[in-house]
Amino acid sequence: MRANNIAELIGNTDLLKIPSLSALSGSDIYVKCEFQNPGGSIKDRAALQIVTDAMQTGELKPGMTIVEGTAGNTGIGLALVAKAFGLNALIVMPNDQSPQKAQAISLFGAELKTVPPCPFANQDHFYHQARRIAESREDAFWANQFENLSNFRAHYLQTGPEIWRQTGGKIDILVSSAGTGGTLAGNSRYLKECNPNIEVWSVDPDGSGVYHFLQHGEYKNNGGSMTEGIGIMRLVNNFKQARIDTAINIGDADIVTIARYVRDHDGILLGSSSALNVAGALMAAIQRGPGKTIVTFACDLGERSAGKLYNPDYLAGRGLGPTFETIDQLTTRYASDEASAKAVQVNWQGMLD
């Protein structure tokens, strides 16, 4: 491929089979290699769609500044895309995210404002601070990734069709976590339009309320998680578009076990959100039996999780070290009646305003 600017390199990522887990489960488990995007994550797709849609409508004009609140990867994507189109970017990010993300935002030339983490209801939350900054400046465009449906469109128009082509239309299960819901929504909507029998599994970490919401209609979390950028505690526009058949919750201990196993057996370095997705894909494979084709997402570069997922001191501080389940123990538990009960069947067909 020959590209005229770096934004043209976004998308068309490879689909990679995970040999060890596929052999273990008897199903083909694939990850979409979103770390291949030039900003190193799946969020490059949403960033590009948000910017190009806003430029086409005239909301975003030359010389303006893109403002966004983010846990990191969307900020990196927006910083990269802004430079590709001669724009500026100002990113507001919690100061407890990985230093690699903060560094990348600055290296791509965006202005970075880090703020203390706090609940969404607090007006000092990074989302609200970004919104206020954008509203106070005439030259600013607020990307608003949670509510802006360009996020959903990026995956409906690009990622979903890529998966359909790469699998030759032979995909049985899609597994995805949700940060804004754009990835889950866009891919599930597109793939279910291609084949309504494709199962969509939502995998949620502790600290997020999606699993509870899909069962009970309200957001309630269970503790916290090391995963960054994953988890929603409110219903946002992008998640509203999703189509979901099964909801599961997976804790940090499983994320660590899967990340180590895949690294040691396949040479694939997963970040925390990617390991969450892969753990969900493994559970889906075991719950549904052999012979399936299952696709999930390697969301970003694994080294962005080095300070947490691969840091023994950090893990010990969270009560996650030094002993973990073996993969055999994990798969036995995933096949148990208890795990079956936690794989909750739902019928979330989304909602439109």
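A residue is called buried when its relative accessible area is under 20%, exposed when it is over 50%, and partly exposed in between (1.4 Å probe, protein chains only). The structure is a predicted model, in which local features need pLDDT of at least 70, side-chain atom pairs count only at pLDDT 80 or more, and totals for chains, interfaces and linings use all residues. Residues are numbered from 1 along each chain as its sequence is written, and side-chain values use heavy atoms, with hydrogens and water left out.

The UniProt record, in an unreviewed entry, places the feature "domain: Tryptophan synthase beta chain-like PALP" at residues 7-300. UniProt positions follow the numbering used here, feature names are shortened, and annotations may be inferred rather than shown by experiment. Over residues 7-300 the chain is 43% helix and 18% strand. The end C-alpha atoms of this stretch are 17 Å apart. Helices (H or I, at least four residues) and strands (E, at least two) are DSSP runs, numbered from the N terminus.

Strand 9 covers residues 244-250. Six of its seven residues are buried. Two strands pair if DSSP finds at least two bridges between them. Strand 9 pairs with strand 8 (residues 199-205) in the parallel sense, over five bridges. Strand 9 also runs antiparallel to strand 11 (residues 344-348), with three bridges joining them. T246 of strand 9 takes part on both sides: W201 stands opposite T246, and Q345 in strand 11 is the bridge partner of T246.

The nonpolar residues were grouped next. A nonpolar core is a set of buried Ala, Val, Leu, Ile, Met, Phe, Trp, Tyr and Cys residues joined through side-chain atoms within 4.5 Å. The largest such core has 40 residues, and L21 and I258 have the most contacts inside it. Elements that give two or more residues to this core include strand 8, strand 9, helix 10 (252-266) and helix 13 (327-334). Helix 11 gives the most, with nine residues. Leaving aside residues up to four places away in sequence, I258 touches L270, A275, V278, A279, L282, I327 and L330; contact means heavy atoms within 4.5 Å. A second, separate core holds 26 residues, among them L48, A54, I76 and M93.

Charged pairs were then counted. Side chains of opposite charge can pair when their charged atoms come close. A salt bridge is a side-chain nitrogen of Lys or Arg within 4 Å of a carboxyl oxygen of Asp or Glu. The count by this rule is 17 salt bridges.

The side chains of K308 and E228 form one of them (2.8 Å, N to O). K308 lies in the loop between strand 10 (293-298) and helix 12 (312-317), and E228 in the loop between helix 8 (210-216) and helix 9 (237-240), so the pair ties together parts that are 80 residues apart in sequence. Both K308 and E228 are buried. Salt bridges that share partners also join K32, E34, R45 and E162 into one network.

E199 and R288 meet through their side chains in a salt bridge (3.0 Å, N to O). This pair links distant parts of the chain, with E199 in strand 8 and R288 in helix 11 (residues 272-288), 89 residues apart. E199 is partly exposed, at 21% relative accessible area. R288 is partly exposed too, at 25%.

R131 forms a salt bridge with E135, with the closest N and O atoms 3.5 Å apart. Both residues lie in helix 5 (residues 126-136), four residues apart, about one turn of the helix. R131 is buried, at 19% relative accessible area, whereas E135 is exposed, at 56%.
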